[in-house]
Amino acid sequence: MRDFYGVTLANPLMLGTAQYPSPAILADAFRASKAAVATVSLRREQGAGQDFWALIRDLGVRVLPNTAGCHTVKEAVTTAHMAREVFETPWIKLEVIGHTDTLQPDPFALVEAARILTEDGFHVFPYTTEDLVLAERLVEAGCRVLMPWGAPIGSGLGLNNIYGLRTLRAHFPDIPLVIDAGLGLPSQAAAAMEMGYDAALLNTAVAKAGDPVAMARAFALAIEAGTLAHAADPMEPRDMATPSTPVIGKAWLA
Amino acid sequence: MKICLNGEDRETAGPTLAALVEEAGFAATKIATAVNGEFVPALARSQRTLTEGDRVEILAPMQGG
């Protein structure tokens with residue numbers, strides 16, 4: 001299993017902490033998912049922040065703060081610094097949003113923010129598209145993990161560009177790749193892991209399921225299955241049929 | 001003096017960011033601060049003097065994806 005800035009995860013799932021029906025369901029879903037990382041954010045303190053932090057600490061997982069909602073380099077860099085102080089980690093899920101409808105990243109601002117934060121000693125996890133050239137720029141900027149989207153955040157559409165995601169995997173054999181955003185079903189997470197991705201990051205698919213705890217377990221199983229399948233070296237698909245039962249020895253019954 | 005704390009106008013005795021954090025009841029909590037869009041580390045709050053019209057942000061851990 002690949003390491004993320006020197007950290008090996010017990011289970012390659014990063015789970016978001018937003019939108020659950022209740023804090024208790026959040027905690028149960030985390031346990032059922034076996035997620036090794038929890039994504040969190042920073043918002044204006046309105047009284048609930050300290051209880052939330054106590055809940056997350058009790059989960060005993062590693063924390064990955066995000067810069068969700070930031071639209072500029074300055075906003076993202078400042079938020080990252082504030083997150084590093086509060087959460088006491090150099091890890092930052094770098095989001096620099098470029099479009100309000102699709103929530104897709106602003107690639108130019110993303111690269112610039114990644115460069116600044118890397119120079120400031122952060123371990124940057126960039127939320128990016130599956131664009132190969134952008135991925136190269138992020139690696140040049142110092143990123144040692146890439147987190148391409150499967151589909152727009154919260155859409156549940158799955159892996160929209162299998163070809164592009166496969167190309168990234170082939171092009172960056174030594175960079176840990178996390179499929180981040182857009183997953184709606186466990187089978188989609190399994191597909192990413194079968195393709196050789198190193199982890200999956202999701203939130204809405206679990207939090208907004210009718211039964212978040214059951215869905216969390218379903219994702220845990222799918223990720224385990226996909227990981228095992230990749231390690232087992234899948235067969236090559238082919239266009240024509242080939243009989244699996246031996247032809248030799250078949251009776252003459254016609 | 002009048003400042004803006006987390007988007008709301010507020011009177012504060014000041015004179016420093018550390019004093020405002022204390023006054024607002026956040027002294028012992030897990031928070032991060034910024035003034036006029038610039039991050040102010042916890043250790044620098046007592047040196048950061050506030051002036052009329054400053055925009056102060058006090059942020060805390062929150063749910064995120």
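Analyst: By class, six nonpolar, five polar and six charged residues make up the lining of the largest pocket. The model is a predicted one. The space in this pocket comes to about 400 Å³. Its lining consists of 17 residues, and those closest to the centre are A:Glu75, A:Thr79, A:Met82, B:Glu57 and B:Leu59. Two or more lining residues come from each of β4 (37-44) and α3 (73-87) of chain A and β5 (55-63) of chain B. The element that gives the most is α3(A), with five residues.

Two of the residues closest to the pocket centre, A:Met82 and B:Glu57, are also among the contacts of B:Thr33. B:Thr33 belongs to strand β3 of chain B, which covers residues 32-35. B:Thr33 counts as buried because its relative accessibility is 0%, and the cut-off for buried is under 20%.

The side chain of B:Thr33 has two polar partners to describe here. One is the backbone oxygen of B:Val40, reached at 2.8 Å. The other is the side chain of B:Arg45, with a polar contact at 2.9 Å.

How values were computed: Residues numbered from 1 in each chain as written. Chains lettered and ligands numbered in written order. Predicted model: local features only at pLDDT ≥ 70, side-chain atom pairs only at ≥ 80, totals over all residues. Heavy atoms only, no water. Helix = DSSP H or I, 4+ residues; strand = E, 2+ residues; numbered from the N terminus. Buried < 20%, exposed > 50% of the residue type's maximum accessible area, 1.4 Å probe, protein only. Polar contact = N/O pair within 3.5 Å; in protein donor to acceptor, adjacent residues only side chain to side chain. Contact = heavy atoms within 4.5 Å. 1 Å grid on protein atoms, 1.4 Å probe; cavity = no way out; pocket = protein on both sides within 12 Å on 5 of 7 lines; lining within 4 Å. Points joined across faces, edges and corners; volume = space filled by probe spheres on them. Nonpolar A, V, L, I, M, F, W, Y, C, P; charged D, E, K, R; others polar. Lists of a residue's contacts leave out its neighbours within four places in sequence.
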